Amino acid sequence: TIACYADDTSAVVGSDAPRSNISKAKETLTKLGEWFSSNQLSLSPSKCKFALQVCSDQSLFILLAPVL
């Protein structure tokens, strides 16, 4: 899931297979980077962060979001 508001963009990547989340997060970042580039925008790595959340059923979610 990708959400945009003004100049902030957040993405949540998750599945029941935690190991696949890392590759999904990389794929999402690549797609976001391509979209930003094609729209003459840029990402600022120093203003980005990520968080890992493990749920009680052992599923893993990755949140990619700007630094607040």
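**Notebook: elements, pairs and exposure in a predicted chain**

I counted 1 helix and 4 strands in the chain, taking helices (H or I, at least four residues) and strands (E, at least two) as DSSP runs numbered from the N terminus. Read from the N terminus on, the order of the elements is β-β-α-β-β.

Basis of the entries. Residues are numbered from 1 along each chain as its sequence is written, and side-chain values use heavy atoms, with hydrogens and water left out.

Confidence. I looked up pLDDT, the predictor's confidence in each residue, from 0 to 100. The chain has a mean pLDDT of 76, and 79% of its residues reach 70 or more.

Surface and contacts. I noted an accessible surface of about 5,300 Å² for the chain, with 58% of it belonging to carbon and sulfur atoms; the areas come from the Shrake-Rupley method with a 1.4 Å probe, and for residues only the protein chains shown count as cover. Buried residues (under 20% relative accessible area; exposed is over 50%, partly exposed in between; 1.4 Å probe, protein chains only) make up 22% of the 68 residues. For contacts, meaning heavy atoms within 4.5 Å, I considered residues at least 6 apart in sequence; 42% of these contacts join residues at least 24 apart.

Strands E1 and E2. I found strand E1 (residues 2-5) paired with E2 in the antiparallel sense over 4 bridges; two strands pair if DSSP finds at least two bridges between them. Tyr5 has Asp8 in E2 as its bridge partner. I then separated the two faces of E2: Thr9, Ala11, Val13 and Ser15 form the covered face, whereas Asp8, Ser10, Val12 and Gly14 form the uncovered one.

I examined two residues of the uncovered face of E2, Val12 and Gly14. Gly14 lies in strand E2 (residues 8-15) and is partly exposed, at a relative accessible area of 31%. Val12, also placed in strand E2, is partly exposed at 39% relative accessibility. I recorded 9.6 Å between the C-alpha atoms of Val12 and Ala51, which are 39 residues apart along the chain. For Gly14 and Leu52, 38 residues apart along the chain, the C-alpha separation is 9.8 Å. Leu52 belongs to strand E3 and is exposed, with a relative accessible area of 51%. I also looked from Leu52 to Asn21: the two are 31 residues apart in sequence, and their C-alpha atoms are 9.9 Å apart.

Salt bridge. Side chains of opposite charge can pair when their charged atoms come close. I searched for a side-chain nitrogen of Lys or Arg within 4 Å of a carboxyl oxygen of Asp or Glu, and the count came to 1 salt bridge. Lys31 and Glu27 form a salt bridge, with their closest N and O atoms 3.2 Å apart. The two residues are 4 apart in helix H1, so about one helical turn separates Lys31 from Glu27. Glu27 is partly exposed, with a relative accessible area of 45%.

Aromatic pair. A search of the whole structure gave me 1 aromatic pair. The rule takes rings of Phe, Tyr and Trp (its six-membered ring) with centres within 6.5 Å, and counts planes under 30 degrees apart as stacked, over 60 as edge-to-face and the rest as tilted. I compared the exposure of the two partners: Trp35 is partly exposed, with a relative accessible area of 47%, whereas Phe36 is buried, at 11%.

Loop residue Gln40. I located Gln40 in the loop between helix H1 (18-38) and strand E3 (48-54). Its phi is near 55 degrees, a positive value in a residue other than glycine. Gln40 is exposed, with a relative accessible area of 77%.

Key
This is a predicted model: local features need pLDDT of at least 70, side-chain atom pairs count only at pLDDT 80 or more; totals for chains, interfaces and linings use all residues.
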